[in-house]
Structure formats: structure tokens, C-alpha cells
Amino acid sequence: MSFILGVTGGIATGKSGVVDIFKQYGFPVVDADVIAREVVEPGTPGLKKIVATFGKEVLQEDSSLDRKKLGQLVFADAKTRKTLDQLLAPFLQEAITYQIEKKARVTPLVIADIPLLYEAGYDKVVDQVAVVYIPERIQQERLIKRDQITKKEAQQKIASQLPIEEKKERADIVFDNQKDLLSTQQQVVSWLKENQFL
């Protein structure tokens with residue numbers, strides 16, 4: 001049986017960098033963000049549901065989803081965000097589970113890269129959860145710098161997820177990403193060696 005490691009973190013905590021380390025060692029990744037884009041492509045049931053709920057103004061001229069417009073709606077209002085999450089949850093879950101099962105047949109370790117892992121209950125479908133951690137203060141600084149946004153916008157985005165400290169508490173493994181990439185890489189490699197994947 002393949003081992004499924006769920007990797008999560010908070011926005012701007014450096015989760016992608018950690019997932020890239022696993023990729024460098026040849027382990028397959030199920031990327032929830034990529035799947036989230038696929039389930040709302042033109043013509044999909046996911047996009048039809050979004051339009052039925054939020055109206056045609058969330059579409060661009062070519063009938064694809066206007067992510068920016070939808071993002072502005074959902075980040076500003078927790079209730080709207082919850083509606084969107086519930087709307088897409090079944091499509092996402094089906095696609096993510098399918099991808100995990102498919103990859104698990106051919107490799108000893110599958111990485112499930114899921115930003116909202118705890119929020120959406122995916123901790124129940126993985127064997128262990130690794131949280132990529134930095135304190136919220138640094139998270140906010142990195143987010144402002146990365147996305148060129150205001151402190152208020154950064155706080156809104158961070159508040160839309162479970163607090164990083166809570167994720168850290170619940171994690172089976174914590175990859176501390178406060179230092180440089182090399183230090184994070186060493187943590188990942190030692191976990192892989194301890195668990196005999198390397």
C-alpha cells in the first residue's frame with residue numbers, strides 16, 4: 001500500500017517550495033489548486049454551479065471564470081466564501097480522491113498538496129499531515145510583499161483559513177520554513193530517510 005502524505009500550510013508559508021522538494025526526489029504530487037482550476041473550466045458542472053449561484057458577472061467574455069472578480073466576492077465575505085466552498089467541495093473531493101488512488105497504485109509515496117486540507121476534511125483521506133509552518137507575523141509580511149497588497153487585504157486572506165498555529169498543533173509533521181530553503185530541504189530529506197522512502 002502506498003503512503004499518502006497530505007501537505008498543507010497557510011497562504012505564503014512556503015508550501016509550494018516544500019512540495020517542489022518532494023517533486024525533485026521523484027514523488028508524484030496531487031495538486032488541489034490545479035484540480036480546483038480544472039473543475040471550473042468552461043463547460044464543467046462546477047462552473048455551471050458557480051454561475052447559477054453568483055450570476056454571469058463572474059464570467060469573462062470567453063465564458064471562462066473571472067477568478068479575480070470571484071476572489072473579491074469571497075475574500076470580503078465569509079458567508080459567500082462558505083457558499084462557494086460547499087458548492088465546489090463534491091467536485092473537488094471526487095477529483096482529488098481519484099488522483100490519489102490512481103497515483104497510489106504505482107508509487108510507495110504520494111504527496112497530496114492541499115491548501116485547505118483541514119478546513120475541507122482531507123485529513124481523513126491521508127495517512128499523515130505535514131504542515132509547512134511560519135509564524136503569522138512573518139506570513140503576513142511575506143504575503144504583502146509577494147502579492148503587493150495592503151496589510152488589511154493580507155489579514156483578510158489569512159483570516160479566511162484556519163490559523164497557522166492551530167494547523168501546527170494538529171499536524172503529524174511540522175516543516176519549519178522560517179529559515180532558508182536549505183534548512184527546510186534538510187527537514188524534508190530527513191523525514192524521507194526516517195520513513196525509508198530514500
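Predicted model: local features only at pLDDT ≥ 70, side-chain atom pairs only at ≥ 80, totals over all residues.

Entry 1: I started with the strand order. There are five strands in an open sheet, and going across I read β2-β3-β1-β4-β5, with parallel pairing. Which strands stand at the edges? They are β2 (29–31) and β5; each has a single partner strand, so one side of each has no neighbour in the sheet.

**Entry 2: strand pairs.** I went through some of the pairings. β2 and β3 run parallel and are joined by three bridges; V29 has I111 in β3 as its bridge partner. Next I looked at β1 and β4, which pair in the parallel sense over five bridges, with V7 opposite A130 in β4. On to β4 and β5: four bridges, again in the parallel sense. I then asked how covered β4 is, and found five of its six residues buried.

**Entry 3: helices on the sheet.** I looked at α1 and saw that it lies across β1, β2, β3, β4 and β5, running at about 155° to β1. α9 packs on the sheet too, touching β1, β3, β4 and β5, and its direction makes about 155° with that of β5.

**Entry 4: a closer look at α9.** Does the length of α9 agree or disagree with what its residue count predicts? I took 1.5 Å a residue for the 14 residues (181–194), which should span 20 Å; the end C-alpha atoms are 20 Å apart, so the two agree. Then I listed the buried residues of α9: S183, T184, V188, V189, W191 and L192. I wanted to know what they sit against, and got β1 (3–9), α1 (15–24), β3 (109–113), β4 (128–133) and β5 (173–176). After α9 comes Q196, and I noted its positive phi, near 60°.

**Entry 5: T107.** I finished in the loop between α5 (78–104) and β3, where T107 lies. Is T107 buried or exposed? Its relative accessible area is 14%, and the cut-off for buried is under 20%, so T107 counts as buried. Its side chain reaches the backbone oxygen of L109 at 3.4 Å. Leaving out residues up to four places away in sequence, T107 touches S2 and P28.

Definitions and conventions: Residues numbered from 1 in each chain as written. Heavy atoms only, no water. Helix = DSSP H or I, 4+ residues; strand = E, 2+ residues; numbered from the N terminus. Expected span 1.5 Å × (residues − 1). Buried < 20%, exposed > 50% of the residue type's maximum accessible area, 1.4 Å probe, protein only. Contact = heavy atoms within 4.5 Å. Polar contact = N/O pair within 3.5 Å; in protein donor to acceptor, adjacent residues only side chain to side chain. Pairing = 2+ DSSP bridges. Axes fitted to C-alpha atoms, helices over the stretch in contact; angles between N-to-C directions.
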